[in-house]
Amino acid sequence: MCGIVGYIGDKDAREVLVEGLKRLEYRGYDSAGVALLANNRIDVLKTPGKVTKLEEMVSGVQQAKIGIGHTRWATHGEPTTVNAHPHMDCTGNIAIIHNGIIENHSALKTKLTSLGHTFRSQTDTEALVHLIEEFYSRTNNLEMAVRFALKDVDGTFGLVVMAASEPDILVAARRGSPLVIGLGESENLIASDASALIRHTRNVIYLHDNEIAVITRNDVALKNLDDETIEREAEHLTFDLEQIEKGGFDHFMLKEINEQPETIRNAFRGRLIEETGISNMGGLHEVDDKITNAKRFVILACGTSWHAALVGKYILEQYAKIPVEVDYASEFRYRNPVLMEGDVVWAISQSGETLDTLAALREARKSGVPVYGIVNVVGSTIARETDAGVYIHAGPEIGVASTKAFTSQLAVLNLINLLVARKRKTISEEQGREIVAEMRKLPGKIQQILDNTGVIESIAEEFKDSRNFLYLGRGVNFPVALEGALKLKEISYIHAEGYPAAEMKHGPIALIDDNMPAVFIALGDSTYDKILSNIQEVRARKGNVIVIANEPDSRLKELARHIIQIPKTIDILSPILSVIPLQLLSYYIAVKRGCNVDQPRNLAKSVTVE
Ligand code: M6R
């Protein structure tokens, strides 16, 4: 996730900014930059890679008492020097750093280009600085220019702007991306999270949505976008650095589980067209026809991403009526796979660096078929080596066990399904609109699950000492059972297996006794009655049944020892909800067993060996 830090005061801004950016490194980033204002001139230094590299560059420029710095996690455009923040206007007067996404950046760019502005980067942010420049040329007032510009902007932002012609102020604004102002003695700071400023002060003011702050060395003035003054008391921060980095959560994994309403919103942002019930993904525009006319999809992935691919198979075959084959990337390359004309290969990877997946996609390319990516890390090797693709925009995932990336992968697979199904006319416009409407409701429904974790915690307490677990689901929720079992294995070291619920009677049922917890996903869909029979089979052997359900009826209530209720949605979207209690169950069990949740033994976040 991008990081922001801004400074005005008596200290050497170079040092304050670099130190602040280092504090933000834990959020993940791929390039960094600063803008320093002294002697009515702004020096901009930026680089792909680490803040230490930036630190070396910064030592060679003039000292400054005001400046802004940024760590960028690429969303629009590769992680290159030119795409790194800060961005400058045409005249070199105004510099900006920005977190968030400017959704109407293409329209703004067209308009601003026609007004004579020259764009240098592929970022959405650059449109913003030229827009501010445009208003500055009419007002000669930075605060007003920012305020007017923001009225023309669709999207989210946490931003800080400074101008060489107004060397005593920083102007900041927020909509959707957090900003906190640090109040010091003859100095003030601003950052995207408090970790970047608590070395200097613990007295802070949080900026709210649609507010602007004008920050000078001795003063902070808050206003709304209508220029009305806002009074807000400062708060005193008492928590430590580690707590701040984890956003107040005990572990990164829990933080990332709780980010899912936002990450799902980000995966859909700007990609859903309500009116025509279809999706729109910039990264696939040029290959639309190839995808729509494909005879078969082959999806390659590992681990959690492989589970997402399996969900994709259910979705795409059911709605887009396209045959889908899902392969473990590690198996694919060694089994002499047959690829034919009309095949489209997809590689799914959170990190974009998994060697097995990379090797498999290179193998696939040898057959001359198109290879597309579904990746989280922008500019990663898989993103670069695929012909086209879609970023899932989940932000950096620090916990080794993948959680938010999985649900974002499912969100993107649903977007692809919607695109292909509508183009192939296997679903109607009306059905497309219904799917879009349900997609829009997902963040709120995820939040409902996250707001009711009490029952999950108590189940974790009861079963934390179990030696084995079974996870069972049917249809589109069978891969979710696999994912639930993987999560538990990875972080609590309890042996767990996932199966299609009906498969149990073909073998695994022999394992069931009163020590065996069995977690069923039994949603109110067409498989519900069948799953109830499977639950009965487990109960008859005294197994302990935990059920993820929508609206449990009396039959289910009688059979289940515990029911975790989740909101209802349409079947193809249901894995995005049903996996969340399973992530939480694994998390709480692992914590209660005293395991290292964020860095489980023997596992690495990015597996770059075969
Ligand atoms: O980065 P990728 O999505 O390619 O990673 C694939 C697997 O290594 C990964 O999903 C792994 O299974 C995680 N530890 C799951 O939590």
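Colleague: Is Lys425 buried or exposed?
Modeller: This is a predicted model: local features need pLDDT of at least 70, side-chain atom pairs count only at pLDDT 80 or more, and totals for chains, interfaces and linings use all residues. Residues are numbered from 1 along each chain as its sequence is written, and side-chain values use heavy atoms, with hydrogens and water left out. Buried means under 20% relative accessible area, exposed over 50%, and partly exposed in between (1.4 Å probe, protein chains only). At 71% relative accessibility, Lys425 is exposed.

Colleague: Where is Lys425 placed?
Modeller: Helices are DSSP runs of H or I with at least four residues, strands are E runs of at least two, and both are numbered from the N terminus. Lys425 has a positive phi of about 60 degrees, although it is not a glycine. Its place is the loop between helix H14 (404–423) and helix H15 (429–450).

Colleague: How do H14 and H15 run relative to each other?
Modeller: Axes are lines fitted to C-alpha atoms, for helices over the stretch in contact, and angles run from 0 to 180 degrees between N-to-C directions. Angles under 35 degrees count as roughly parallel, over 145 as roughly antiparallel, 65 to 115 as roughly perpendicular and the rest as oblique. H14 and H15 pack at about 170 degrees, with axes 10 Å apart. The two helices are therefore roughly antiparallel.

Colleague: Which residues of H14 make the contact with H15?
Modeller: Contact means heavy atoms within 4.5 Å. H15 brings Glu429, Gly432, Ile435, Val436 and Met439. H14 brings Asn414, Leu415, Leu418 and Arg422.

Colleague: What is the relative accessible area of Asn140?
Modeller: Asn140 is in the loop between helix H4 (125–139) and helix H5 (142–151). Its phi is positive, near 60 degrees. Most residues other than glycine have a negative phi. Asn140 is exposed, with a relative accessible area of 60%.

Colleague: Which peptide bond is cis, with omega near 0 degrees?
Modeller: Most peptide bonds are trans. Look in the loop between strand E4 (66–72) and strand E5 (87–88), where Pro86 is found. The cis bond runs from His85 to Pro86.

Colleague: How far is a polar side-chain atom of Glu490 from a nitrogen atom of the ligand?
Modeller: A residue is near a molecule or strand if one of its heavy atoms lies within 4 Å of it. Of the 14 residues around the ligand, Ser305, Ser349, Ser351, Thr354 and Glu490 come nearest. The polar side-chain atom of Glu490 lies from that ligand nitrogen at 2.5 Å.

Terms used. A polar contact is a pair of N or O atoms within 3.5 Å; within protein, one must be able to donate a hydrogen and the other to accept it, and residues adjacent in sequence count only if both atoms are side-chain atoms.
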